[in-house]
Amino acid sequence: MTTLGIDIGGSSVKAVRVDADVDADVDADVDGSGGGIGTATSFRYSSPDRAELMRAIRECVDALDAGSVQAVGLCLPGRVNSERSAIETAANLPALNNWAFDELFASVFSSPVLNRRVVSDADAAGYDFATGFPITGRTAAISLGTGVGLCVLDGERIATIGDKGIGHLGHMDIGRIGDDDRIDPAGAQNTLESYIGARSLGSYTDGLNLNLAPLTRGDPPMQALVRALKIVHAIYQPHRIALLGGVGLALKSHRGMIAEMVSEGLTPLADKDWVIEFASSPFCAARGAAKLAAQSL
């Protein structure tokens with residue numbers, strides 16, 4: 001069985017091709033060196049149009065020789081429309097707005113993809129983490145990249161509210177931090193993304209790489225993240241919080257500080273034995289999309 005997962009991110013496209021058991025723990029092998037898994041990352045982009053996004057997707061598909069696979073999973077950010085046929089609103093990638101999934105798949109693959117699944121990037125990443133590192137309790141998986149998404153899982157089951165996801169955590173107003181309000185391009189005020197999203201962290205870059213080692217307790221990104229994690233604890237009462245995505249990986253060295261700050265004054269309703277964990281791979285979302293697509297076979 002061969003499955004492909006495609007993650008359309010805010011700054012690049014990532015893809016994973018799995019030629020073996022997609023439920024295996026493959027975190028140690030995401031570089032494609034063996035174990036039946038290969039990965040690809042496209043060129044970086046900023047505010048791409050559809051043509052540029054299509055070039056990025058095709059670059060990954062061609063690199064993995066994935067023109068013909070048994071199942072394809074596609075994960076992408078934004079709110080899906082009521083017909084579940086396209087993204088209705090993607091704040092960080094407006095080129096996705098109203099781009100029919102049928103049209104997108106037809107543009108990438110030379111033959112129809114009979115087994116496919118479209119999911120949110122947060123759900124895909126969360127599912128990959130929960131199945132790779134299973135527990136019986138509740139996981140709140142937070143994808144930190146250009147945007148910020150949340151997936152809540154009970155064991156390996158993705159929790160929903162009706163037929164919708166848990167919500168767009170990155171668009172939550174967490175209040176002013178510092179002297180001035182932050183207003184995003186859509187006019188939303190003091191959103192979590194405006195403090196901890198990748199585009200708001202420009203001063204923490206080392207060349208093209210994100211370097212969050214200098215972050216301290218008093219810095220706005222850290223304070224914003226801690227506020228958000230306390231809210232997640234109060235609402236969902238997870239046993240485990242997992243910080244995923246590129247920003248999540250960059251925060252791994254601050255594990256102790258984040259855990260300590262979140263625990264200070266934390267509601268007694270929270271799981272008193274809660275733990276914080278981090279992804280070991282930037283390909284969680286793509287790999288999770290491949291895993292979810294395999295369920296259609």
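# Questions on a predicted model

The protein in this predicted model has 8 helices and 14 strands.

Visitor: What radius of gyration does the protein have, against that of a compact globule with 297 residues?
Guide: The C-alpha trace spans about 55 × 40 × 40 Å along its principal axes. For 297 residues, a compact globule would have a radius of gyration near 19 Å. The protein agrees with that figure, at 18 Å.

Visitor: What percentage of the contacts between residues at least 6 apart in sequence join residues at least 24 apart?
Guide: Of the 297 residues, 50% count as buried. The protein exposes about 13,100 Å², and carbon and sulfur atoms supply 49% of that area. Among contacts between residues at least 6 apart in sequence, the share joining residues at least 24 apart is 64%.

Visitor: Which strands stand at the edges of the open sheet of 5 strands?
Guide: The sheet has mixed pairing, and its order is β10-β9-β8-β13-β14. An edge strand has a single partner, so one of its sides is left without a neighbour in the sheet. The strands in that position are β10 (157–158) and β14 (275–278).

Visitor: At what angle to β9 does helix α3 run?
Guide: Helix α3 is formed by residues 121–132. The helix lies across β8 (138–144), β9, β10, β13 (240–244) and β14. Its angle to β9 is about 45 degrees.

Visitor: What angle does the direction of helix α7 make with that of β14?
Guide: Helix α7, residues 255–263, packs on the sheet. The strands it touches are β13 and β14. With the direction of β14, that of α7 makes an angle of about 145 degrees.

Visitor: Is His254 buried or exposed?
Guide: His254 is found in the loop between α6 (245–250) and α7. Leaving aside neighbours within four places in sequence, His254 is in contact with Leu212, Ala213, Leu215 and Met222. Its relative accessible area is 8%, and the limit for burial is under 20%. His254 is therefore buried.

Visitor: Which residues does Ala100 touch, not counting those up to four places away in sequence?
Guide: Ala100 is placed in the loop between β6 (87–89) and α2 (101–108). With a relative accessible area of 28%, Ala100 is partly exposed. Beyond four places in sequence, the residues that Ala100 touches are Ser85 and Ala86.

Visitor: How far apart in space are Ala100 and Ser47, C-alpha to C-alpha?
Guide: In sequence, Ala100 and Ser47 are 53 residues apart. In space, their C-alpha to C-alpha distance is 19 Å.

Visitor: How many disulfides does the count come to?
Guide: A disulfide needs two cysteine sulfur atoms within 2.5 Å. For Cys60, which is in no disulfide, the nearest cysteine sulfur is that of Cys75, 12 Å away. The sulfur of Cys75 is 11 Å from the closest cysteine sulfur, in Cys284, which is too far for a bond. The count of disulfides comes to 0.

Visitor: What relative accessibility does Cys75 have?
Guide: Cys60 is buried, at a relative accessible area of 2%. Cys75 also counts as buried. The relative accessibility of Cys75 is 0%.

Note on methods: Residues numbered from 1 in each chain as written. Predicted model: local features only at pLDDT ≥ 70, side-chain atom pairs only at ≥ 80, totals over all residues. Heavy atoms only, no water. Pairing = 2+ DSSP bridges. Helix = DSSP H or I, 4+ residues; strand = E, 2+ residues; numbered from the N terminus. Contact = heavy atoms within 4.5 Å. Axes fitted to C-alpha atoms, helices over the stretch in contact; angles between N-to-C directions. Buried < 20%, exposed > 50% of the residue type's maximum accessible area, 1.4 Å probe, protein only. Rg over C-alpha atoms; globule rule 2.2 N^0.38 Å. Areas by Shrake-Rupley, 256 points an atom, 1.4 Å probe, with all protein chains shown as cover.
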